[in-house]
Amino acid sequence: MFKKLIAESMGKSPWLFHINAGSCNGCDIELVSVLTPRYDAERLGFKLAGSPRHADIVVVTGPVTTQSLPRVLRAISQVPEPRCIVTMGSCPQSGNVFKGSYSVAGPLSKYVHVDVDVAGCAPKPQAVIDGLALATKILKEKREAK
Amino acid sequence: MMTSLYQHFPIFSIMVLFLGAFLIVLFGNVKPLRHAIALLAVTASLGFLIALVKPVMLNGEIIAYWMGARAPAGGYAIGIALEVDALSLFFGLLIATAVFVSCVYSIQYMRFDDNVGQYYTLFLMLAGGVMGLVLSGDLFNMFIMVEILTFAAVALTAFRNTAKGALEAAFKYLVVGCMGSTCILTGTIMLYAQAHTLNFAQLSAFIPGHMNTATVVAFALLYIGFSTKAFIVPFHPLAADAHGAAPASISVLISGVLTKSGIYGIIRLSYFLFQTMNLGTMQFILVFMGSVSMFVCVTMALAQHDFKRLLAFHSISQIGYVLTAVGLCTAMGVSSGLYHAMNHTLFKGLLFLAAGAVLQQTGTTDLGKLGGLSKKMPWTTALFLVGAFSISGIPPFNGFASKWMVYQSIYYKAVESGNIGFVFVTIIALVTSVLTLASFVKVSQSVFFGRLPKEYENVTEVPWGMRLAMSLFAILCVLTGLFPNVVTTYLTQPAANAVFNVANYINAMLGSGYAESVMGAAAPAAQAVTYVEVGLWQPVSWLLLLIIALLAVTIVAIAGKYDSVSESAAPADSKYDLFFGGEESVYSQVGGEDLFWGFKHNWRGYFNFMHELHSGIVNDYALWAVVALALVTLYMLIVF
Amino acid sequence: MDFPFVKEAVKQLFSKTSCAMYPAVPSEAAPHYRGRIVYHPELCINCGMCERVCSGNAITRSSEKVEEGEKITMTFNLGSCTFCATCADFCSRHAIEFTGDYHMVATKEEDLLVSGSFIKKPPVKKPAPPKPAAPAAAPAAGAAPVKPRDDGKPVNDPSKCVYCTLCAKKCPAGALEVDRAAKTWTLDEDKCVGCGTCAEACPKKCILI
Amino acid sequence: MSIVMSALQYLGYILIFPGFLFCFLAGLLLCGIDRKLVAKMQKRVGPPILQPFYDFFKLCGKETIIPAAASSKTVFLMAPLVGLASLVVLQLFIPVFNFTAFSGMADIIVILYLLLIPALANILGGAASGSPYAGVGLSREMVTIIACELPLVLVLLSVGKAVGSATGEGLTFSFSSIMAYQAAHGSLILKASMIPAAVAMLMVIPGETGSHPFDAAEAETEICEGLLAEYSGPPLGIFKLSHAIKMLTMTSLFVALFLGGIGGGIESLVALAGLSGAAAGGVSVLLEAIVLFLLCVVLTVVCISFVHAVTARLKIEQIFKFYWTVASGLALISLVLAWYGL
């Protein structure tokens with residue numbers, strides 16, 4: 001029963017850690033707007049965490065520049081299990097318009113397993129909510145599989 | 001006169017220490033013999049005093065001992081006398097305990113030093129001097145003992161004379177300490193000129209009826225003299241230097257024993273010799289100096305960046321508590337003051353020993369250079385935390401028990417006397433306590449927690465002998481905190497009783513009826529000292545509850561796989577790095593001098609002023625002493 | 001010290017929230033929102049203009065030979081798309097459409113691919129294609145109007161043409177060759193897909209299609 | 001037999017009523033109400049009231065990572081447990097719903113010191129993690145404690161003096177006599193001299209619980225939640241739980257100090273309603289519990305949620321200045337008034 005309680009709760013209180021891997025700030029602003037009164041993701045239990053140790057979901061924005069790559073990977077590795085990685089916007093998925101630049105090391109999926117991609121440039125807040133909800137579901141499944 | 005064997009114990013407990021000192025001079029080159037003699041001497045001294053607990057503390061006897069059986073004749077006490085009442089024994093026990101633990105600690109602490117034989121000689125001289133001071137029954141012997149202990153302490157301060165600042169500290173101590181000793185000598189002479197006796201009991205019977213300008217000046221001189229021994233403000237900068245430079249085992253004695261001898265002197269002086277403590281003006285000066293010491297030194301400590309200097313300032317801050325409580329002239333005040341004095345010896349000793357352990361293993365006590373030592377020295381850390389919690393007044397350790405009584409007594413005094421000034425003293429005391437906590441949080445973060453610097457990767461735990469010494473203090477800290485009723489019933493209350501029954505003291509020395517015959521109606525009536533504690537605090541029950549609660553939490557936690565933690569397998573795994581905003585975690589220690597900038601920023605005017613004031617020049621400090629002497633003399637002349 | 005939001009906080013405590021309650025209440029994207037791409041292969045003529053203008057390299061075109069001709073597959077990777085809609089703007093046949101569907105969430109990268117394919121029949125070779133107007137004959141013909149061709153491929157009106165080479169630059173298939181010095185305009189009919197980009201691009205409107 | 005019974009009773013106190021279970025439920029519930037109301041004041045819907053429970057259980061299911069640089073593993077793991085246990089024990093000494101499990105064991109000044117232990121556990125746990133963020137958090141937490149201490153001391157001294165001089169004891173620090181006085185003479189907040197102290201105490205509540213705008217120590221946006229930066233999984237959950245319980249502790253302390261004596265009113269109300277005997281007793285106890293818990297909730301709303309919603313985080317030196325001037329000034333006025341018997 002306790003296990004079930006934990007698994008249930010896992011689906012109801014996802015905390016986000018946001019990493020900007022060279023983003024143009026478009027996605028960052030959209031992510032923050034998810035927490036504004038209009039979209040109010042806290043309704044669903046979402047909260048921005050200050051440290052990766054507290055987070056369940058890592059949201060990566062930006063094309064993963066060569067400078068940011070080791071930092072991104074380190075921060076992701078510091079998130080305790082079970083965790084979910086969400087790429088937000090086109091950049092971390094493919095590099096988008098920065099593709100092929102000497103300073104872009106992406107896409108992120110080359111280095112870690114990405115659970116959810118949210119496409120858009122930048123995605124609408126609704127799409128972000130959808131993506132995070134999907135990530136939460138995956139999180140819960142990961143917990144149940146444990 | 002009944003002469004039981006135990007009547008001789010006081011002189012034994014002094015003489016074994018001196019005898020040990022001389023024997024070590026003779027046989028000090030042989031290492032095991034040296035340690036054996038020193039240990040034997042301090043153990044014997046402690047043993048003799050413990051044997052006296054039953055007759056003196058429980059039965060309320062006062063041992064009057066005349067050296068060479070030269071009992072007073074013709075109303076004049078000529079012989080050298082020892083007089084042990086509960087107050088003397090209380091301080092004697094404190095001193096013997098501190099000396100014993102310090103000696104145990106020294107064996108391994110001093111093992112890398114040269115001339116350890118001389119160290120032990122001076123150590124035992126110091127111990128004997130303080131012991132003689134508190135057990136002595138006449139004023140001149142007290143002065144002699146003050147001289148012995150001052151010079152031994154000065155020499156020991158400079159013992160590690162290769163260390164930076166050791167000689168300077170010793171010199172400062174010598175200058176101001178000698179000024180103090182001179183004050184005591186001058187005061188003694190002036191009293192002798194007036195009363196033609198040096199015996200305490202006789203002086204106590206004589207002076208209250210014959211107060212004149214000369215005795216008042218003598219009082220001021222003696223008061224300042226003993227104040228320098230207690231290092232209360234304005235004599236505090238010496239203590240900081242002396243503690244910083246002296247070996248830790250000596251710092252224990254300077255802070256735990258020398259300051260106590262000063263407090264003892266002040267109590268003897270103001271409660272016994274002059275019996276002026278029932279005057280509001282006299283209470284004012286003690287409480288005032290106490291509160292100022294309390295607050296000034298705790299803020300000075302917050303600004304320190306050296307472990308031992310910080311402890312030194314705290315030492316004076318705690319002495320401020322003692323002086324304030326003693327100055328209240330209420331039964332609970334004196335009792336709580338003595339209780340705090342005892343606790344101060346225990347926890348400050350523990351803290352100094354921990355600082356010594358850190359110094360020995362790392363070679364520095366600079367808060368800015370240390371960090372993370374709990375990884376390498378878990379025992380020292382645990383013991384240090386006991387000391388730190390005790391001094392900061394965290395329940396259920398002993399510091400809380402005594403501070404709690406001090407607050408009560410001050411506040412109760414305020415209500416009793418209707419004087420709102422005491423309310424502010426209460427507030428200062430409470431705020432000082434939290435500032436003490438702050439500075440010990442600073443020490444724990446800067447020395448024991450936080451990050452371990454690269455150069456201390458190979459630091460190891462201190463040897464068992466030093467840990468044993470620290471553990472002794474720690475156990476005493478916990479026990480005296482858990483059973484405050486036992487301590488007050490068997491130790492501090494008898495001592496407080498002695499303080500308020502001067503007539504007994506006089507009569508025990510000079511035969512019953514002497515006090516009444518000399519002092520007439522002014523003779524203080526024997527009073528039974530009782531008091532009711534206002535507050536409620538049952539540490540044992542609280543601890544039991546906490547243990548049960550903690551057990552419950554732990555069981556639930558373990559059942560919930562709380563302990564299934566993941567730890568670093570490979571050292572390079574970035575998962576176990578500290579979070580550094582994503583950067584590779586490099587050495588970064590937050591700590592040292594300026595940890596509480598949020599506090600210091602608001603008080604920057606005060607701190608800058610203090611910084612300028614403490615110039616470190618011995619001339620300035622000597623000047624402060626003279627000014628303090630002048631002001632106190634003036635005050636007393638106006639008052640009396 | 002003043003607290004400017006005290007009144008508002010109290011007021012809002014008792015007022016309706018401004019939350020759109022998104023997952024429970026579905027929400028439409030704003031008009032002209034550029035969301036998920038819909039590709040209409042039946043309209044596509046395989047000009048490749050979209051691929052050329054795509055800044056994010058999100059569009060790929062692949063072809064394979066089948067018996068009816070050539071099977072062309074266009075793939076739009078939404079995970080690489082900036083949703084700038086330049087491809088749709090450039091598509092002369094309006095085969096690319098941006099919809100208001102913003103729900104582009106996937107757990108696999110393949111889910112973010114939009115693709116479609118059509119079969120391009122090989123061009124029917126005419127025995128004698130009408131010769132394009134010879135450059136030399138043009139001035140002689142005087143006002144002889146240039147007739148558009150019937151197979152959907154461009155013809156140039158040399159009387160108006162200034163040989164600016166813009167059409168050649170724009171041609172997605174590289175079927176045009178224009179020489180400014182020699183004042184020639186040559187069409188490689190095999191390469192030409194008949195997209196009409198050259199006609200649109202011509203500043204003098206001298207290309208007919 | 002009676003020993004067993006009383007042992008069971010004490011165990012019940014510790015584990016169930018004013019102890020763990022109650023603290024757990026009430027603390028997290030208060031936290032949930034707080035979060036909901038902050039959201040409401042910001043025109044949001046806000047998380048469900050049970051959100052803190054979800055958070056806690058979720059954290060129980062997460063991995064606990066001990067950083068390699070942690071200076072002391074034991075302290076790192078034990079600190080949250082000690083903090084929680086000491087807070088729960090503290091709750092046993094504070095009247096909850098006019099009911100104190102162990103009234104004669106500690107009084108208000110002791111409470112002042114017992115309140116330091118959870119904070120100290122937090123500080124030491126953070127310090128043991130070795131994180132520089134924790135170092136900065138530690139500094140700020142300690143300064144916040146120093147800042148809150150002075151007004152709190154003044155408040156407690158003035159309450160002790162006011163009650164003591166009214167009952168003729170001179171001064172009192174014991175909860176039972178403060179409660180008895182209030183039951184007989186009405187709440188302390190009705191006394192003119194105690195109003196500034198009550199206001200100061202209201203100011204202290206957000207500081208002690210570390211909520212806006214006095215949360216510089218746990219600023220998640222600048223120093224990654226400071227002391228908690230390296231905690232993950234169950235230890236973090238326990239810290240969050242302690243934080244929630246502290247809201248309950250502080251609000252019930254306020255209720256006990258300034259709003260006591262409400263029980264009597266309820267009893268007479270029940271009597272007016274025509275009930276009598278055991279039924280009346282039961283109903284009035286129940287009503288009283290509900291009313292007092294509602295008071296706690298209201299206090300939480302006023303001091304924590306409302307202040308949270310309308311203010312931004314202060315700098316640490318501003319926090320210190322605020323408490324040592326505004327809050328302490330108010331409490332000092334109270335103390336002086338109480339001293340002269342007003």
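A residue is taken as buried if 20 or more other C-beta atoms lie within 10 Å of its own, as exposed if 12 or fewer do, and as partly exposed in between, with C-beta atoms placed from the backbone. The model is predicted, and local features need pLDDT of at least 70, side-chain atom pairs count only at pLDDT 80 or more, and totals for chains, interfaces and linings use all residues. Residues are numbered from 1 along each chain as its sequence is written, and chains are lettered from A and ligands numbered from 1 in the order in which they are written.

By the burial criterion, B:Gly290 is buried, since 28 other C-beta atoms lie within 10 Å. B:Gly290 is placed in helix 12 (residues 280–302) of chain B; helices (H or I, at least four residues) and strands (E, at least two) are DSSP runs numbered from the N terminus. Leaving aside residues up to four places away in sequence, B:Gly290 touches B:Gly320, B:Leu323, B:Thr324 and B:Gly327, where contact requires C-beta atoms, placed from the backbone, within 7 Å. From B:Gly290 to B:Val627 the separation is 337 residues in sequence and 18 Å in space, C-alpha to C-alpha.

Two helix pairs of chain B were examined. Helix 11 (residues 248–273) of chain B and helix 13 (residues 307–327) of chain B cross at roughly 20°, and their axes come within 11 Å. Axes are lines fitted to C-alpha atoms, for helices over the stretch in contact, and angles run from 0 to 180 degrees between N-to-C directions. Helix 11 of chain B and helix 13 of chain B are therefore roughly parallel to each other (angles under 35 degrees count as roughly parallel, over 145 as roughly antiparallel, 65 to 115 as roughly perpendicular and the rest as oblique). The crossing of helix 11 of chain B with helix 13 of chain B is right-handed; a crossing is right-handed if the near helix is turned clockwise from the far one by less than a right angle, and left-handed if anticlockwise. Residues of helix 11 of chain B in this contact include B:Ser251 and B:Ile267, and those of helix 13 of chain B include B:Lys308 and B:Val326. The contact comprises seven nonpolar, four polar and one charged residues, with Ala, Val, Leu, Ile, Met, Phe, Trp, Tyr, Cys and Pro counted as nonpolar, Asp, Glu, Lys and Arg as charged, and the others, Gly among them, as polar.

In the second pair, helix 14 (residues 331–362) of chain B packs against helix 15 (residues 378–391) of chain B at an angle of about 145°, the axes being 9 Å apart. The crossing of helix 14 of chain B and helix 15 of chain B is left-handed. Among the residues that meet are B:Phe347 and B:Leu351 in helix 14 of chain B and B:Leu383 and B:Phe384 in helix 15 of chain B. The contact has 11 nonpolar, four polar and one charged residues.

Between chains B and D, the contact takes 69 residues from chain B and 70 residues from chain D. Helix 17 of chain B gives the largest share of the chain B side, 12 residues. That side divides into 43 nonpolar, 21 polar and five charged residues.

Chain C holds six helices and 10 strands, and 24% of its 209 residues count as buried.

Terms used. Contact = placed C-beta atoms within 7 Å.
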